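Please read it with the model open.

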Amino acid sequence: MIRKNLNPSQIRPENDLNYDAGIKKKRPHLKNQWAVSKPRFIFASALLLFVVLSLGTIDYHQNEENKQVATDPETDSQPSHKTEMTRREAEITSTEMTSREAEINSQKVHSKLHNYNQSKNTVGSHEPLLSYLLSSMLNEDNGELLPEGSILDCGAQYGEQGAHYAVSSPNRKVISMDPSPQLVQHMKETWGSLENFEIRQGGLGGEVGTAKPRDGTFGMDMDAEFPVYTLDSMYFDKQEKLAFAHLDLEGMEFDALQGGLKTIRANKPVFTVELRVHKTEKTKQLLDLIDGEGYDTYVIDEPCGWPQMDMRNVLCIPRNKSGAFGRSNAFGLLLMMEGLKRVTSGDIAQVILPCCALGGECCPGDDIDGENCCTEKLVLDWYGKNNGSYRIPPAVLGFKQARQEFLRQQWRLRQRQKAQ
C-alpha cells in the first residue's frame with residue numbers, strides 16, 4: 001500500500017504498545033530493546049569479521065596457487081609476465097657477469113704474456129715480428145682479412161702464441177696442439193683459464209694415425225707415441241671451418257698441407273709454415289704446392305729456430321685476400337720496413353741470407369745440416385763484413401741476439417717510465 005499525505009502521528013509503529021495507550025512521553029522501552037539487540041549486534045559484527053577474514057584467506061591461497069602454476073614446470077599454464085621478466089633479467093645479469101669475468105681473465109693473461117721478467121711464457125722474446133704481426137692482424141680484423149672459423153696453433157710448445165691468439169681474437173675458438181704430454185700439461189696449467197682456448201696432445205701429418213718423436217727436441221720419451229691428425233680430419237670431415245693456422249712442424253709442413261687440401265680449398269684460410277730456406281729441394285716443393293693452391297707467400301725476415309739462422313716463417317695469403325691485406329696497418333708497416341718480403345720458390349734463397357747457401361761463406365763444406373752451416377756466429381761475422389751491401393737490423397739476424405735486443409728495448413722502456 002502506498003501511503004500519501006499522512007501525518008506522522010497517524011502512522012502506527014508496529015508492536016508499539018505505548019502508542020495504543022496514547023502515551024506521549026519518551027519511550028523508555030528503547031533501553032530494553034537495546035539490551036535485547038546488543039547480543040545480536042555483537043553476533044553480526046563477529047559474523048562480518050569472519051566473512052572478511054575468510055575472503056582474505058581465500059585470496060591468499062589463490063595467490064599462492066597462481067605462483068605455483070607460474071613456476072611449476074609440469075603445468076601447462078604459462079608463467080606470468082612479471083615472472084618471465086624477472087627470469088630474463090636474471091639471465092642477462094648472469095651473462096653480463098660471465099662476460100665481465102672472461103674479460104678480466106683475458107686482461108690478466110695478456111699481462112702475463114707481456115711480463116718480460118719471466119722467460120718461457122712471454123710473446124715477442126722469440127720471433128717478435130711474427131708474434132706482433134699476427135696478433136695485430138687478429139686485433140684489426142673486421143672480417144676482411146680472415147674467413148669465418150677457428151684458429152690452430154700446431155707445434156705450440158709452451159703455448160704462448162696460441163694464448164696470444166685467444167686473447168687477441170676472443171670471439172674465435174683457438175686450438176693449441178703439441179706432441180709432448182709435458183708441454184700440454186704446462187699449457188693447461190698456464191693458459192687453461194681462457195674460455196676460447198682448447199689444448200690437445202698431438203701432431204699434424206698426411207694421414208691419421210700415431211707417431212713417435214724423431215729426436216729429443218720433442219720433449220718426451222723416444223718410445224712414446226702421440227696421436228697424428230690431418231687438417232681434413234679436424235676440419236673438413238667434421239664440417240668445421242678453419243680461419244688461420246700457425247704450423248711449426250719440424251719439417252713436416254708439406255705432409256700436413258697434403259693432408260689438408262680439402263680444408264684449404266673449401267675455407268681458404270690464412271696460414272704460416274716454417275722452412276729451412278737453403279734446403280732448396282724441400283723449400284721449392286713446399287712453396288710450389290702453396291702457390292698452386294692460389295696463395296702468395298711472404299717471408300717474415302727473422303730467425304725462427306736454432307741453430308741454423310736461415311729458418312723462417314712464411315705467411316701464406318690467398319690471392320683473393322691481397323687487397324684486404326693491403327689495407328692492414330700491421331701488414332703494411334712490416335712490408336714497408338722490409339721485415340716482410342714477397343718471395344717465391346725461385347728467389348727466396350737470394351732474399352734470405354745468401355751466404356748460407358751450401359758451400360757459401362756461412363755454410364762451408366758439403367753438409368747443409370752440418371754444425372758449421374749457417375750458425376749465428378758465422379752469420380753475424382758475415383754481416384759485419386758486408387753490411388754496406390746487405391742492410392738489415394742486426395737484431396733480426398741472430399736468434400739469441402734478437403732476444404737480447406728485444407729484452408734490452410723492454411728494459412729501456414721500463415726505465416723511461418720510472419724516470420718521469
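The points below take the disulfides in turn, then two further cysteines.

1. Basis. This is a predicted model, where local features need pLDDT of at least 70, side-chain atom pairs count only at pLDDT 80 or more, and totals for chains, interfaces and linings use all residues. Residues are numbered from 1 along each chain as its sequence is written, and side-chain values use heavy atoms, with hydrogens and water left out.

2. Count and pattern. A disulfide here is a pair of cysteine sulfur atoms within 2.5 Å. That rule gives three disulfides. Count the bonded cysteines along the chain, and the pattern reads 1-3, 2-6, 4-5.

3. C355 and C362. These two cysteines are joined, with an S to S distance of 2.4 Å. The angle about the S-S bond is -90 degrees, and the link is left-handed. How accessible is C355, and is the residue buried or exposed? C355 has 5% relative accessibility, so C355 counts as buried. Buried means under 20% relative accessible area, exposed over 50%, and partly exposed in between (1.4 Å probe, protein chains only). C362 is also buried, at a relative accessible area of 0%.

4. C356 and C374. The S to S distance in this disulfide is 2.0 Å. The link of C356 and C374 is right-handed, with 80 degrees about the S-S bond. The pair links distant parts of the chain, 18 residues apart: C356 and C374 each sit in the loop between α13 (348-351) and α14 (376-386). Helices are DSSP runs (H or I, at least four residues), numbered from the N terminus. Both C356 and C374 are buried.

5. C363 and C373. Here the sulfur atoms lie 2.0 Å apart, and the two cysteines form a disulfide. What is the handedness of the link between C363 and C373? The torsion about the S-S bond is about -105 degrees, so this disulfide is left-handed. The pair links distant parts of the chain, with C363 and C373 ten residues apart and each in the loop between α13 and α14. C363 is buried. C373 is buried as well.

6. Further cysteines. Two more residues deserve a look. C304 has 6% relative accessibility, so C304 counts as buried. C316 is at 0% relative accessibility and therefore counts as buried too.

7. To check on the model. Please go through the three disulfides. Start with the S to S distance of 2.4 Å between C355 and C362. Then view the right-handed link of C356 and C374. End with the left-handed disulfide of C363 and C373.

Methods: Helix = DSSP H or I, 4+ residues; strand = E, 2+ residues; numbered from the N terminus.
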